[in-house]
Amino acid sequence: MDSYPAVEAHGLIGDLQTAALVSINGTLDWFCAPRFDSPSIFGGLLDRRRGGYFQISPDGVDYTSKQLYLPGTPILITRFLSSDGVGELVDFMPVAGDRPTDRHRLVRMLRVVRGSMRFRADCRPRFNYGRDPYKLEAYPDGSVLRSTTQSLTLGTIRYAERLSEEHERRRTEEGLCVVATLHEGEAGGVVLETNSPDPPRAYSPDEVREMLEETRDFWRRWLDRSRYTGRWREMVERSAMTLKLMTYAPTGALIAAPTAGLPEQVGGERNWDYRYTWIRDASFSVHALLGLGFTDEAAGYLRWLGDRVQDAERDGVPLQIMYRVDGSPDLTEEVLGHLEGYRGSGPVRVGNGAARQLQLDIYGEALNSIHLADSHGLKGPHQAWLRIVRIIDWLCDNWDQPEDGIWESRAGPQDYTYGRLMSWVALDRAIRLADRHGRPADTGRWVTARNAIYDQIMTRGFHPGRGAFVQHYATDVLDAALLAMPSVGFVTPTDPMWQLTLRAMDSELVSDSLVYRYNPDASPDGLAGDEATFTMCTFWYVQALAESGRLDDARLTFEKMLTYASPLGLYAEEIAPSGEQMGNFPQAFSHLSLISTAVNLDRLLDARP
């Protein structure tokens, strides 16, 4: 456990209230409870010694390991292969339901399918990001590891009485260790439960089989609701399941990623906590979910968004760019100085100080998602419309001011072109909604503001010397966020100004199909270091190519992008030049843009003569 596994060498499991990452060597090295944004119990991803982990792997034998998902589910199977035997570790979390709970179960079932294999299970939790001490309580059928704020109960999965004669369980200075030999057809394992009031007990084979089958059936029934039957179906469905795993069922809020502190550059300081719900990211998810037919999930997020609008209206403040999954606005940023960070990448931050930034684009993403949902039959009530009116009236007064931008620069506000673009979208979609349903609003004022934004972008956002739309009005730097210009209807894909911009991005931001967000050297963002290519921007680039008529280029770029997925079909936030995935993992932005791009590209390919 001295070395860090690659970010992409992990599988994601979850129960719709929290999630866990299991590496290809059988190590549970990220798990927070009771929610995605709770302190970690296992945080070995951020510190191999102090973060905590639970590894189950072969002992004393050379082996190779591979991972796969049980088809149509997020049930993770890690296979250990040696000359003497083949073992399988099955990890999953039974669905927790849509009512918040402190009790979450994580099943780690071990079985041997050929020969025999000796295994070692080493459980070393570190509660509250490794800051809280704990004590171990031993029972006949398991153990309880208890801190001052949380407990973790380990109950044994008992398949055969003879196993009790062939295994060794002992307490170590770091936690609990069990060594056992299993033969072909035999199985064992453990059920972890957080904050259980009951003592640990033995689980029978029938109980574990029932939990597995219920979990499997839930996910397959959910996936059967997808309407997508086009190209790349397997990748699209895996991305849909990944987004579902990152959705907090009690509120419908989609987190940006289940992890915190994974760096954009190894050894750098761009290490952020993404376990929260961004208005922008979650609004984009409505497009992806509705494109597949998942209207319930889209409606759940829109209800959550409506509650945030109501909260902001009550408090007399603009929308915050992100919130906790329960809607709380408190995301105070804190540095965990006792953790070294992934491969020494510090500081490790939890919370997110960018929450208080002004980012005007979020209103465009929110209104665009509401407009799209409305066209799919998800129509809001009268009170929701009145809140939209107040938001748009506020935007009419505030769109023309410096802000912090989509990429959350910490170098100070600027007149970002993308922020203006999405303010135009917000006004445009609100006008369409008012006209579509005859709703009361000062649409004359809205039209005036919308047109003013359009004129400003065309005169100040397009840099004549650069021959391209640029990041903000005081620079000639390109920005991949502007790849959205044709898809939101601001420019036609054949407009000469847009074609010049796309060609400029081709030459400066694109590296063998992968796309950088911008050049941080030319546009300082207040942080040291560089970053890798941004996965979402690459998918946006594919869509921009396709909309511009370059379908062959678009398809080749998309197919190349699929080769960068992890073996399980997962994407982090960024991809390094070496092909290594970087940043928090898996990333909602990456998967929702994959879905939307696949749906649109598939449609355009089918329509091509």
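Residues are numbered from 1 along each chain as its sequence is written, and side-chain values use heavy atoms, with hydrogens and water left out. In this predicted model, local features need pLDDT of at least 70 and side-chain atom pairs count only at pLDDT 80 or more, while totals for chains, interfaces and linings use all residues.

**Stop one: Glu213.** Select helix α2, residues 205–223, and you will find Glu213 in it (helices are DSSP runs of H or I, at least four residues, numbered from the N terminus). Glu213 counts as partly exposed because its relative accessibility is 34%, between the limits of under 20% for buried and over 50% for exposed, with a 1.4 Å probe and protein chains only.

**Stop two: the largest cavity.** The whole structure holds three cavities of 30 Å³ or more (a cavity is a set of points on a 1 Å grid over the protein atoms alone where a 1.4 Å probe fits but cannot get out; lining residues have an atom within 4 Å of a point). The largest has a volume of about 290 Å³. Select Tyr274, Trp407, Glu408, Arg517 and Glu573, which are the closest to its centre among 23 lining residues.

**Stop three: the second largest cavity.** About 80 Å³ of space lies here. Its lining includes Trp222, Gly252 and Tyr301. Now show α3 (233–245), α4 (279–292) and α5 (295–315): each gives at least two residues to this lining, and α3 has the largest share, with three.

Notes. On a 1 Å grid over the protein atoms alone, a cavity is a set of points where a 1.4 Å probe fits but cannot get out, and a pocket is an open set with protein on both sides within 12 Å along at least five of seven lines; lining residues have an atom within 4 Å of a point. Grid points are joined across faces, edges and corners, and a volume is the space filled by probe spheres set on the points.
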